[in-house]
Amino acid sequence: MKWFNTMSHHRWLEQETDRIFDFGKNAAVPTGFGWLGNNGQVRTDMGTHLWITARMLHVYSVAAGMGRPGAYSLVDHGIRALNGALADKQHGGWYACVNDEGVVDASKQGYQHFFVLLGAASAVTTGHPEARKLLDQAIGVIEKYFWSEDEQMCLESWDEAFTETEAYRGGNANMHAVEAFLIVYDVTHERKWLDRALRIASVIIHDVARRGEFRVNEHFDTQWKPIRDYNKDNPAHRFRAYGGTPGHWIEWGRLMLHLHAALEARFETPPDWLLEDAKGLFHATIRDAWAPDGADGFVYSVDWDGQPIVRERVRWPIVEAMGTAYALHCLTGEAQYESWYQTWWEYCVKYLMDFENGSWWQELDTDNKVTTKVWDGKQDIYHLLHCLVIPRLPLAPGLAPAVAAGLLDINAK
């Protein structure tokens, strides 16, 4: 049974994409984009987070490229928020969280700044007159504070005034740096962004994860040595979980395949390990995290022997898994990847998609019932593009640039 590159499946994806876009527009608040609760209304108690606002700018840049009326106004709203309440006019960069009263968290987080970079680069594809200025500003902050020329990797965070950086290096922030760098390359055509993405992937995946059965280390010291017991007392941390987070393993796989495609588009020969390691990450995720306790779903985290730690089924790992299955099928043509893609869609329709309140549930327990151990609410719709839009695009250029170039549905038959 074939789904990939068929008009019938693409029509279904398009319908679900519009449902998600319609849900997400409720997140707009005066300070940016808020944290959406399970009923689709903004959780005012959560404040306005930089990562959510930047991701929603990216999302609605894609929607604008798809010709969705109303999306461009949300792009404008996101840019104004990043130039307004979230911007640190004194020290530069962007605050981690604000609310209507002012700054809630003044720290400068790499994870969040890389989403500003992604959102700004995506916004450039819409033709918004302020987008390139925002992108140049974001590039300046990344170059000055987050890209380390000495380490040829990304730093994790700074205090408000950019005077003290954290003695910690994070795989999650660096992964999203790779994601952003790929889109910045598509927009600027500066080769250094591909070189940096390749360097990061080579360290975290090819040098470290490959040697550990593709269980990806995400916590490192300043010498890029893994800290294997990091957050052992707080294993369900939203951004720095103890052990391995398999959803990130498989997400890494897709990003590496985008990098592979970007190099091929330059008529260069990508390193063989990009595809080999992407396969390794994909199958390691299934090996350790898919239904290890008998019930379907991906567990949130595992230990270094592959045993489940946090067994809750969080939404974004399976979404990323579907995008990576598509990407691997693009490069290999192997039927196993389409089979997994279909299996995971069946799971999502049965358990995760919420047709009453909108969007998808963020977290399920071991019986696939809604719970909130790790996440509470339906924060944003960023990850959902990776199973709804990416399976209708070539692997290069990246998401917003490809949509803006009119490549959506180009392979449908």
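**A buried histidine and a helix pair**

His 248 counts as buried, because its relative accessibility is 6% (buried means under 20% relative accessible area, exposed over 50% and partly exposed in between, with a 1.4 Å probe and protein chains only). The model is a predicted one, in which local features need pLDDT of at least 70 and side-chain atom pairs count only at pLDDT 80 or more, while totals for chains, interfaces and linings use all residues. Residues are numbered from 1 along each chain as its sequence is written, and side-chain values use heavy atoms, with hydrogens and water left out.

His 248 lies in helix H8, residues 246–265 (helices are DSSP runs of H or I with at least four residues, numbered from the N terminus). Beyond its neighbours within four places in sequence, His 248 is in contact with Asn 172, Met 175, Glu 218 and Trp 316, contact meaning heavy atoms within 4.5 Å. An unreviewed UniProt entry lists His 248 and His 383 under "active site", an annotation that may be inferred rather than shown by experiment.

Elsewhere, the axes of helix H4 (residues 110–124) and helix H5 (residues 131–146) come within 8 Å and cross at roughly 150°, where axes are lines fitted to C-alpha atoms over the stretch in contact and angles run from 0 to 180 degrees between N-to-C directions. H4 and H5 are therefore roughly antiparallel to each other, the word used for angles over 145 degrees.

Definitions and conventions
Helix = DSSP H or I, 4+ residues; strand = E, 2+ residues; numbered from the N terminus. Parallel < 35°, antiparallel > 145°, perpendicular 65-115°, else oblique.
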